[in-house]
Amino acid sequence: MAMKVPEFLFPIANPIMTLLLNSPLHGLMSGSILVLYFTGRRSGRALSTPARYCEADDELVLITNPETRWWPNFLEGAEAEVQLRGKRVKVVAKSTRGPAPQVGARVEQMLEAHPADAVYMDVEKDTAASREAGKPIWDTATLDAAKARLVAVVLTKRKA
């Protein structure tokens, strides 16, 4: 399984990722990571966070742990912007916490797009089934637990 970046490094890594994703060198990471810009619902402050994404139809899907503090800003849906592949894009963001069925589908989408993220979701591979299938097959118990625990934030691009 992939190695997990220790939590204490995120306060250091996130500003560096934000700088990179807003620079001409964004192509190094912008195929799978974006920067989400939003206004805090209680503080009114301008906030941002880099996040892994996958695309599904006209939507961008982010998966986060409930312990992170940014996703409640989107419980009611809110306008935001993302730095996506070198461009600023207006979006409407809506967060949903598991065990809602739509969270489970979004977790599966993210695992299909980025199997290495399983380590952040605490999802384990069914090693024998994966070897036989030639692709990741997820352990049902850990996948179901992740679907019940995680948060899906769906970003819909706004029409210009």
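Student: Where does T142 lie?

Tutor: T142 is part of helix α5, residues 140-149. The numbering starts from 1 along each chain as its sequence is written. The model is predicted, so local features need pLDDT of at least 70 and side-chain atom pairs count only at pLDDT 80 or more, while totals for chains, interfaces and linings use all residues, and side-chain values use heavy atoms, with hydrogens and water left out. Helices (H or I, at least four residues) and strands (E, at least two) are DSSP runs numbered from the N terminus.

Student: Why is T142 called buried?

Tutor: Buried means under 20% relative accessible area, exposed means over 50%, and partly exposed is in between (1.4 Å probe, protein chains only). T142 has a relative accessible area of 15%, so T142 is buried. Leaving out residues up to four places away in sequence, T142 touches D122, V123 and E124 (contact: heavy atoms within 4.5 Å).

Student: D122 is on that list. What makes D122 partly exposed?

Tutor: The relative accessible area of D122 is 46%, so D122 is partly exposed. D122 sits in the loop between α3 and α4 (127-133). Its phi is near 60°, a positive value in a residue other than glycine.

Student: Why does D57 count as exposed?

Tutor: D57 has 78% relative accessibility, so D57 counts as exposed. The residue lies in the loop between β3 (54-56) and β4, and its phi, near 55°, is also positive in a residue other than glycine.

Student: And why is A116 counted as partly exposed?

Tutor: The relative accessibility of A116 is 43%, so the label is partly exposed. A116 belongs to the loop between α2 and α3.

Student: How many bridges join β1 to β5, and how many join β5 to β6?

Tutor: β1 and β5 (78-84) are antiparallel with 3 bridges, and L36 stands opposite V82 in β5. β5 and β6 (87-97) are antiparallel over 7 bridges, with A80 bridged to V91 in β6.

Student: Which residues touch the most other members of the largest nonpolar core?

Tutor: Among its 19 residues, they are L34, L36, L62, V82, V153 and L155. A nonpolar core is a set of buried Ala, Val, Leu, Ile, Met, Phe, Trp, Tyr and Cys residues joined through side-chain atoms within 4.5 Å. At least two residues come from each of β1, β4, β5, β6 and β7 (151-157). A second, separate core has 17 residues, including C54, I63, V123 and W138. As for L155, its contacts beyond four places in sequence include L34, L36, L62 and V82.

Student: What is the volume of the second largest pocket?

Tutor: About 170 Å³. A pocket, on a 1 Å grid over the protein atoms alone, is an open set of points where a 1.4 Å probe fits, with protein on both sides within 12 Å along at least five of seven lines; lining residues have an atom within 4 Å of a point. Points are joined across faces, edges and corners, and the volume is the space filled by probe spheres set on them. The lining of this pocket consists of E108, L111, E112, P115, K135, P136, W138 and L143. Helix α2 (101-113) gives the most, 3 residues.

Student: And how much space lies in the largest pocket?

Tutor: About 1500 Å³. Of its 41 lining residues, F10, N14, T49, T68 and W70 are closest to the centre. β2 supplies the largest share, 6 residues.

Methods: Pairing = 2+ DSSP bridges.
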